[in-house]
Structures are given as structure tokens and as C-alpha cells.
Amino acid sequence: MENIIVTGIRGLPLIKKGDNIAALICEKVSMEDGDIISIASTVYSKAEGHTRALSGIKPTERATRLGKLNGEDPRFVQAVLDASKDILLEQPFIMSELPWGHIGVRAGVDQSNIDDGMVIFLPPDPMKAAKDVRERIEQITKKKVGVIITDTCGRSFRRGQTGHAIGWSGFTAIRDFRGDTDLFGHELKITEEAVVDEIAGFANFVMGESNNGVPAVHFRNCPKWTGHDNLYFSAAEDITRRLLKAQCPK
Ligand code: GDP
Ligand code: MN
Ligand code: MN
């Protein structure tokens, strides 16, 4: 098996609404079948115009109350509430579920790497975002690649943020080891590896968080895997979500 080669894609401009991320990336990278491109959700959202000016947001009573509680601009809080389907934690920060299944702090709404007074939302349908970028890359290069849209997210139980996959296309999210045997012949009963998050994590490391200007990362020679796409627990399976919801005021 060949070594995996990971390359940050440098020299991309400051992304603005209307930019074609796929085309810009293809100008910088020569693609091969099987390559994987990881793209920061921030730049996808800027290109697609999933941003808002705080000045145009009128906070509701709840946003005003939570803004006071958490020491945040109530207009920013309103943006977070607008992006959320269900609030699971109100303080010391909002944790909420998004319409497409992701649960995260402040609904992934960012105020960094954009002009003052603007907020960036996560893409409204990150799976479609990944598929669209993958298809556009294929149109341009005739190569079949995989695409992951990432965001930097906090985790339960551990300090520190890591890159998470919020959308993917060209492979499954999970590599399923169940039924496989280990080196000693024991059958694996529960191991499902969230490969897309592992790749997103390393991509995030290459991107950095601040002013690196590396919003996309290219992977070559990743092994293939098979599995499934049920990355998110169902409501019935998700113990943490249930416990959070039980303590959250309506
Ligand atoms: P997020 O993890 O999706 O919220 O995105 P970040 O704000 O952490 O940015 C990830 C990487 O992309 C960092 O290296 C940023 O410097 C870079 N980045 C963000 N916006 C742009 C942009 O418009 N152009 C370029 N070239 N890089 C950007
Ligand atoms: Mn982010
Ligand atoms: Mn980040």
C-alpha cells in the first residue's frame, strides 16, 4: 500500500459570494481517481452566500434573554436560534440540533474569517454541498474523487476542538468492521470507524484555525473502505441528547 500524501491547498483567494470553489480548487491541484478533497464549510458557505449581516437581525425575547445570560450579542444569538431545529442547552452556551442531524455549539455559526459584523452559517444541506462539489470536480477534471465538508467542532468529555465531517460524498461515512476478526481471531462486534471524521480531523490540522488561508486539503492514496452513512445516532439511540433535552427549559 502506498503512503498517504496530504497537501494543504494554498493560494486560494478570499472567497466571496458567487465563487466556484470546485473550479478554484481544480486550478491548484491535479486530480487523480480516488483522491479526497476536504473543504472548510466556512468557504463553501461564503461562496454560496450562507452569511448574514448582524445589523439586519432583530433579536426575539428569547435571544435577548440568552444573550444576557451568556454575554453574547443578542443578534448573534438570534442567528444561532434561526439556524437551529431544537435547543438542547441554553447556558453557558447554546448547543442545538440542526435540521440535518448535526448537534453543535452555537449551531456552528461563525464570526471569524469574514468581515466585521457578518456571520457565517453552516451549509443548509451539507450532504448536497459535498455532492455538488464532487460532481463539479468530476465535470472539470473527469476524475472520480471524494469530497468532505468540514467544520471545527468541540467535543463532549474532552477539551479542544477538532475537525468534523458535516457532509461527504463519494464514499460512506463509516467503515464497518463488525464481523471482521482481529489478529487473534476474535470477532469484532461493535467497531464502526467514523472514517470521514478522522480525515476531517487531519484536514483541520493542516488548515489551522486562523489566518493560514488553507481552506481545502488534498489526500492521495487513502485506502478504500465500505460501510454505511448512519453517522448520526437516531433520537432513540442518542443518550446524551436525551439527557440534555430533559434539562433544557422550553
Ligand atoms: P471552519 O473550520 O469551516 O469554521 O473554517 P475556519 O474559519 O477555521 O478556516 C479554516 C481554514 O480556511 C483556515 O486556514 C482559514 O485561514 C482558511 N480560510 C477561511 N476563509 C478563507 C478564505 O476566504 N480564503 C482562503 N484562502 N482561506 C480561508
Ligand atoms: Mn466553523
Ligand atoms: Mn476551523
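Arg75 is partly exposed, with 28% relative accessible area; the label covers values between buried, under 20%, and exposed, over 50%, with a 1.4 Å probe and protein chains only. The model is predicted, so local features need pLDDT of at least 70 and side-chain atom pairs count only at pLDDT 80 or more, while totals for chains, interfaces and linings use all residues. Residues are numbered from 1 along each chain as its sequence is written, chains are lettered from A and ligands numbered from 1 in the order in which they are written, and side-chain values use heavy atoms, with hydrogens and water left out.

Arg75 has a charged partner. Side chains of opposite charge can pair when their charged atoms come close. Such a pair is called a salt bridge when a side-chain nitrogen of Lys or Arg lies within 4 Å of a carboxyl oxygen of Asp or Glu. Arg75 forms one with Asp73, and the closest N and O atoms are 2.7 Å apart. Asp73 is itself partly exposed, at 27% relative accessibility. By this rule, the model contains 19 salt bridges.

A second salt bridge lies within a helix. Helices (H or I, at least four residues) and strands (E, at least two) are DSSP runs, numbered from the N terminus. Lys131 and Glu135 both belong to helix H5, residues 126–141, and stand four residues apart, about one turn of the helix. Their closest N and O atoms are 3.1 Å apart. Lys131 is partly exposed, with a relative accessible area of 40%, and Glu135 is also classed as partly exposed, at 31%.

Another salt bridge joins Arg178 and Glu192, at 3.5 Å from N to O. Arg178 is in the loop between strand E10 (174–176) and strand E11 (192–193), and Glu192 is in strand E11, so the pair ties together parts that are 14 residues apart in sequence. Arg178 has a relative accessible area of 42% and is partly exposed; Glu192, at 34%, is partly exposed as well. Elsewhere, salt bridges that share partners connect Lys85, Asp86, Glu97, Arg241 and Lys245 in one network.

The model also holds metal ions. Donors to a metal are N, O and S atoms within 2.8 Å (3.2 Å for Na, K and Ca), and because water is not among the atoms, sites may look incomplete. The manganese ion (ligand 2) is coordinated by Asp110 (OD) and Asp151 (OD), at 2.1 Å. These two residues link distant parts of the chain: Asp110 is in the loop between strand E6 (103–105) and strand E7 (118–120), while Asp151 is in strand E8 (residues 146–153), 41 residues apart. Asp110 is partly exposed at 23% relative accessibility, whereas Asp151 is buried at 8%.

The manganese ion (ligand 3) is 5.0 Å from the manganese ion (ligand 2). Thr152 (OG1) and Glu209 (OE) coordinate the manganese ion (ligand 3), at 2.1 to 2.3 Å. This pair, too, links distant parts of the chain, with Thr152 in strand E8 and Glu209 in the loop between helix H6 (195–207) and strand E12 (216–220), 57 residues apart. Thr152 is partly exposed at 26%, and Glu209 is partly exposed at 46%.

Finally, helix H2 (residues 41–48) is largely enclosed by the rest of the structure, because seven of its eight residues are buried. Among the buried residues are Ser41, Val43 and Tyr44. Gly49 follows H2 and has a positive phi, near 80°.
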